[in-house]
Amino acid sequence: MLRQVWSHPSFPAGVLAVLALVFALSVNPGLLSTGSMIGWSTSQLGLWTAVLGQTLALMGRGIDLSVGAGVSLVNVAAIALFEAGWPLGGTIAAMLILGLLIGAANGVLIGWLRLNPLLATFATSFVLLGLALQIRSAPGGMAPMAAVMFMNGATWGIPNAMLVFVLVLLLWGLVARSAFWLRLRATGADPVRAWNSGLPTAGIKVMSYVMAGVFTALSGLFVTFCVGAGDPLFAQPYTLLTIAGAVIGGVSLAGGTGSGYGAVLGAVFVGLTSDIALGIGVSPFWQQLIVGCVLLAGLAVVVRSGRWLKAKSDRAVIRPTAEAGESAA
Amino acid sequence: MMALARRHPLSRIPHAGSLGMILLLLVAGRLVNPSFLSAMNLWAVLSISALLAVASAGQTLVIISGNQGIDLSVGAIMTLTALMVSGMAGSSNEAVPLTLAVVLTLGALIGLANGIGVRFLALYPLVVTLGVSFVIEGLALVYAQSQPPQMPGPLIESIGIGRFLGIPWLVLIGAVVTVLMTLLLRFTRYGRQLYLVGSNIRAAQMAGVPVTRVVLITYSASGLLAAVAGVLLYGYVASANLSIGAPYTMMAIAATVIGGTALSGGSGSFIGTVLGAVIFSLISNLLIMLGLGPALRYAISGLVLIFVLFATSRDAA
């Protein structure tokens with residue numbers, strides 16, 4: 001039982017996130033006050049949601065470099081619709097469809113047209129960034145006040161943004177329990193064997209990006225309601241931060257291993273590092289260097305320790321896996 | 001697809017796909033605007049291509065080295081280098097040699113750090129170089145804070161925009177790098193070992209190839225070449241800022257892959273990468289000539305890039 005806990009791929013991320021949280025609390029005890037939790041969760045909600053999309057892409061041995069541009073596009077498009085007088089529900093529905101379309105475009109390029117995921121999503125990120133800049137070239141606009149007030153509010157002392165994220169996690173729970181998730185993991189772990197076992201691997205890859213598009217759309221909507229305005233460049237850092245968060249969270253770049261919850265823990269850790277750097281009072285100019293060093297160390301520690309723990313548990317169970325040989329190389 | 005292509009008579013010409021794409025872009029440019037084929041515009045395109053080709057040189061080595069080799073720190077190194085040259089050399093020529101020595105050494109050391117992470121810590125190259133690029137961006141911010149960027153001195157500036165015998169210095173430097181890289185890949189022991197490591201690292205190790213040395217040299221060379229590209233970029237733009245190099249990371253990867261170097265490693269040539277860089281520069285020049293704003297330029301270059309990738313490099317499986 002204990003072994004199952006510490007050999008879980010997201011165990012190192014959990015430890016790191018708890019350590020970071022304890023450290024953050026020790027430098028800034030006010031972090032748990034409702035006001036500062038609202039500020040903290042509204043600034044991170046978009047990243048936490050976007051990392052789930054990145055996890056779907058990575059799980060099928062892909063990657064999504066268009067996350068940042070996609071979230072930005074949803075953000076400015078939603079603001080544009082609000083300005084055109086669309087109601088809240090209609091806009092949310094339209095943005096979810098936009099997210100599906102973004103994901104479908106990536107999925108078709110990668111799954112059916114067999115372009116390399118790294119380059120295909122890089123190319124689509126250009127298209128999405130261009131569209132976002134076309135809709136709005138500078139920050140501005142206004143989301144409906146009621147929705148913004150709700151997202152920046154709290155219920156019984158718990159920030160609404162966190163409650164909304166619980167719903168996102170429930171949605172993720174549906175994904176992670178589905179037969180599709182199992183097929184996607186099989187495809188990511190070994191596409192050839194998965195295909196030989198009769199799985200439609202191309203279609204599964206397409207589907208994984210389509211679902212990633214839903215999380216991109218949700219992330220874009222959350223950014224819209226948390227920030228209250230549209231900015232074509234606000235979410236650009238999400239692309240690399242979601243990759244860092246997912247990898248720290250135990251999602252393997254080689255596909256097939258990891259979990260969405262781990263990826264979220266990784267993203268929480270990524271977000272906490274900059275909060276801590278601010279909390280210990282370093283100048284903002286040094287902040288990025290410190291965050292960079294912590295992220296580099298986090299990435300190295302998690303990947304190394306994850307492999308070490310896995311090798312340990314593999315030895316304990318005595319399972320002849322091809323993976324062990326590959327990771328040793 | 002390769003098997004089909006081999007039977008086609010055009011495929012005997014090396015890089016037929018890239019050359020055809022360049023011809024297509026030149027014809028399209030001529031139709032859009034007659035001055036597209038003017039000597040001035042073509043030199044401008046070649047200068048930008050040379051800059052991108054130098055930035056892609058290290059990337060080409062790393063991608064050939066295989067085992068998921070990729071260098072995401074190229075752009076960050078270019079930014080840091082541009083800021084440091086700006087801060088250390090100032091607008092005089094005296095400090096330039098020392099500055100160049102410092103930044104090129106630093107670039108190689110950063111590359112070495114990447115190589116150590118890849119080889120000794122056995123981390124994914126994407127993870128190591130991404131993490132290292134976070135750190136370098138932080139360093140660049142701290143450095144820019146202590147040494148505000150200045151205008152380049154006459155020497156650096158003439159490298160960036162000056163000409164020698166009517167040919168831009170950037171193009172000459174790009175040509176020298178192309179010749180050196182081709183010699184390095186084709187005729188040196190390191191070059192042959194690099195392809196072996198890229199195609200099958202375990203077989204290479206069994207055959208006695210010093211794998212560790214090859215990997216470390218490859219990543220160090222990538223850092224060094226990124227630093228060279230950073231100096232050239234600073235001369236060309238004539239100013240430095242914190243995001244000056246960032247776009248070059250992915251552009252270098254795209255140019256390399258369009259040029260026929262497989263992301264799976266073990267194959268590819270630098271001439272291909274140069275042609276990939278020319279294609280990339282022609283596309284953006286053509287879109288500027290069309291008088292499009294930056295937003296539509298991004299969108300259309302993304303669509304064209306998808307088309308080019310589709311035509312030149314689809315995954316085998």
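Select B:Thr178, B:Met181, B:Thr182 and B:Leu185 in helix 8 of chain B; they meet B:Phe270, B:Ile271 and B:Val274 in helix 13 of chain B. Contact here is a C-beta to C-beta distance within 7 Å, with the C-beta atoms placed from the backbone. Helices are DSSP runs of H or I, at least four residues, numbered from the N terminus. The residues of this contact are five nonpolar, two polar and no charged. Nonpolar covers Ala, Val, Leu, Ile, Met, Phe, Trp, Tyr, Cys and Pro; charged covers Asp, Glu, Lys and Arg; the others, Gly among them, are polar.

This is a predicted model, in which local features need pLDDT of at least 70, side-chain atom pairs count only at pLDDT 80 or more, and totals for chains, interfaces and linings use all residues. Residues are numbered from 1 along each chain as its sequence is written, while chains are lettered from A and ligands numbered from 1 in the order in which they are written.

Now show both helices whole: residues 169–187 and 270–289 of chain B. They pack at about 145 degrees, with axes 9 Å apart. Axes are lines fitted to C-alpha atoms over the stretch in contact, and angles run from 0 to 180 degrees between N-to-C directions.

Next, pick helix 7 of chain B, residues 154–161. Its buried residues are B:Ile156, B:Ile159 and B:Gly160. Buried means 20 or more other C-beta atoms within 10 Å of the residue's own.

Move to B:Leu232. Beyond its neighbours within four places in sequence, B:Leu232 contacts B:Leu51, B:Val54, B:Ile159, B:Gly160, B:Leu170 and B:Ile173.

Switch to chain A and select A:Leu265, in helix 13 (residues 260–279) of that chain. A:Leu265 counts as buried because it has 27 C-beta neighbours inside 10 Å. Leaving aside neighbours within four places, its contacts are A:Ser10, A:Ala13, A:Gly14, A:Ala17 and A:Gly249.

Finish where the chains meet. Chain A gives 38 residues to the contact and chain B gives 40. On the chain A side, color helix 6 (117–135), helix 12 (238–248) and helix 14 (284–317), which each give two or more residues. Helix 14 of chain A gives the most, with 13 residues. By class, the chain A side has 29 nonpolar, seven polar and two charged residues.

Technical notes
Two residues are in contact if their C-beta atoms, placed from the backbone, lie within 7 Å. A residue is buried if 20 or more other C-beta atoms lie within 10 Å of its own, exposed if 12 or fewer, and partly exposed in between; C-beta atoms are placed from the backbone.
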